[in-house]
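Open the structure in your viewer and keep the selection tool at hand. This tour goes stop by stop.

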Amino acid sequence: MKVLVAVKRVIDYNVKVRVKSDRSDVDLANVKMALNPFCEIAVEEAVRLKEAGTASEVVVVSIGSKACQEQLRTALALGADRAIQVEAADQPDALSVARILQKVAEEESADLVLLGKQAIDSDNNQTGQMLAALMDRPQATFASEVVVEGDSLKVTREVDGGLQTLSLKLPAVVTTDLRLNEPRYASLPNIMKAKKKPLDVKTPDELGVQLASGAELISVEPPAERQAGIKVGSVEELVEKLRNEAKVIA
Amino acid sequence: MSILIITEHDNQSVKPVTLNLVTAAQQIGGEIDLLVAGENCQGAAEAAAAIAGVRKVIVADNAAYAHQLAENISKLMVELADGYSHIMAPGTTTGKNVAPRVAALLGVNQLSDIIAVEAADTFKRPIYAGNAIATVKSTDAVKVMTVRGTAFDAAAASGGSASVESCDAVHQHADVSFVGEELAKSDRPELTAASVVISGGRGMGNGDNFELLNKVADKLGAAVGASRAAVDAGFVPNDMQVGQTGKMVAPELYIAVGISGAIQHLAGMKDSKVIVAINKDEEAPIFQVADYGLVGDLFEAVPELEGRL
């Protein structure tokens with residue numbers, strides 16, 4: 001089974017994002033970037049499938065400027081076999097990304113495509129679903145457990161009310177939720193080895209995809225700040241305030 | 001303009017988030033139709049037809065739609081999409097699962113989790129875990145979007161008199177099947193729909209201690225939530241998680257117990273009307289967003305709170 005993992009370069013999750021003073025976008029100049037945490041979980045899951053002897057090869061792909069090669073190398077250090085960068089401006093729209101991934105999945109004859117459920121920058125939560133739709137293949141989003149059973153997958157999904165289990169025939173698309181696994185740390189020898197693993201660069205043109213977004217970013221603003229309130233001295237005072245001042249309890 | 005909304009329901013009744021979507025649709029303007037796709041979903045269809053402001057309810061009652069599988073519902077939506085200017089789904093796990101599939105099949109992008117309607121083609125949505133708010137204009141012929149229910153008031157659940165139309169189209173993807181589900185059973189309201197939420201964090205110490213919160217919740221008719229730290233520590237299941245990677249809530253009253261207030265938790269609850277924090281660490285960041293803070297031992301404060309309600 002061949003596994004394709006799509007990964008995205010995003011702001012490091014520990015960094016607090018700031019809006020540019022002209023409100024045109026967020027300020028990413030000189031900000032620490034990293035592999036999107038949900039993508040890291042997807043890479044880990046693929047590598048575990050390979051270690052278990054289920055997956056024959058793990059290919060990682062990222063779409064963006066040359067800078068995203070850094071994140072592809074991170075994925076290679078975690079255990080992926082080879083990488084593909086599809087050259088594009090940063091922050092392409094989700095549909096264009098899905099179209100590119102569809103072509104890459106076809107070229108690679110991937111049996112399973114793993115993605116993070118969402119990127120922590122755009123918070124879109126779309127690409128995996130769009131890719132599955134374009135491929136007309138089944139999807140399991142928000143996965144917390146993936147079990148390979150022959151040519152099918154049994155996937156447990158985290159849904160609003162609890163857990164749902166689906167059976168999908170391969171090829172299929174799976175997006176990862178937080179509890180699927182705990183990604184490993186790349187060891188120094190593996191980081192060194194990753195530098196020698198193959199990394200191909202392609203263009204959307206070569207794949208026959210034209211990037212075109214149907215959405216225009218008008219402005220970005222910081223959220224309304226919440227003011228700190230008061231400290232109360234006792235539970236009695238708290239209940240009195242909630243009853244008579246805030247009037248939120250009877 | 002006309003708007004098609006994917007109704008969130010459990011076949012018998014309509015989930016409250018649908019009412020918030022009707023309000024969002026009214027802010028865009030135009031005729032509002034609801035799709036109820038399910039199996040033996042007559043009850044949900046009747047409830048949908050009673051919602052004020054709805055023109056028409058389209059009912060697709062078939063085993064193929066029993067579990068809201070995205071592969072099947074998305075094809076049904078695309079078949080019905082003709083003539084609609086907007087297609088809306090709730091920002092729930094069900095809505096997020098299906099809406100992008102609909103958009104891709106229609107060849108358009110999708111706007112996720114809109115929180116405000118600026119114009120029929122322009123919307124606000126949170127990015128970077130709510131640390132920035134983007135205003136986005138869609139130039140696509142059909143606007144497909146998911147809507148954050150807590151950002152819009154609920155429309156009246158009764159008073160409407162929509163026509164009901166049945167749709168016989170059956171879309172069944174051969175390569176996906178439903179195996180089973182484990183849904184948390186609770187008599188308490190759902191987290192995202194509750195007017196009062198009480199949540200516990202790592203400070204609760206273990207899962208058994210959440211019983212202290214349950215007792216307060218029973219007195220207030222509240223839902224019980226948790227921080228990611230409490231979920232990761234194994235105290236409670238993930239469907240109780242409030243935060244960037246869990247549920248977004250905006251109740252009238254939010255009580256945070258033993259929660260330090262990590263950015264990722266604040267992202268899920270900072271739009272609550274009144275926030276109460278109970279924490280023994282007076283430096284905890286949760287106090288910076290709390291209207292009422294109580295510095296103290298939760299194991300004393302929470303039982304006392306229950307006693308005084």
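Start in strand 11 of chain A: select A:Lys202, the bridge partner of A:Val86. Helices (H or I, at least four residues) and strands (E, at least two) are DSSP runs, numbered from the N terminus.

A word on the model. It is predicted: local features need pLDDT of at least 70, side-chain atom pairs count only at pLDDT 80 or more, and totals for chains, interfaces and linings use all residues. Residues are numbered from 1 along each chain as its sequence is written, with chains lettered from A and ligands numbered from 1 in the order in which they are written.

Now show strand 11 (residues 199–202) of chain A whole. Four bridges join it to strand 5 of chain A, and the two run parallel. Strands pair if DSSP finds at least two bridges between them.

Select A:Val61; opposite stands A:Ile84 in strand 5 of chain A.

Move to A:Val43. Among the residues it touches are A:Val5, A:Val60 and A:Ala80 (contact: C-beta atoms, placed from the backbone, within 7 Å).

Which residues have the most contacts inside the largest nonpolar core? Select A:Val5, A:Val43, A:Val60, A:Ala75, A:Ala80, A:Val113 and B:Met88; the core has 188 residues. Such a core is a set of buried Ala, Val, Leu, Ile, Met, Phe, Trp, Tyr and Cys residues joined through C-beta atoms within 7 Å (buried: 20 or more other C-beta atoms within 10 Å of a residue's own). Finish on helix 3 (residues 94–108) of chain A, which gives the largest share of this core, eight residues.

How values were computed:
Buried ≥ 20, exposed ≤ 12 C-beta atoms within 10 Å, placed from the backbone. Contact = placed C-beta atoms within 7 Å. Lists of a residue's contacts leave out its neighbours within four places in sequence.
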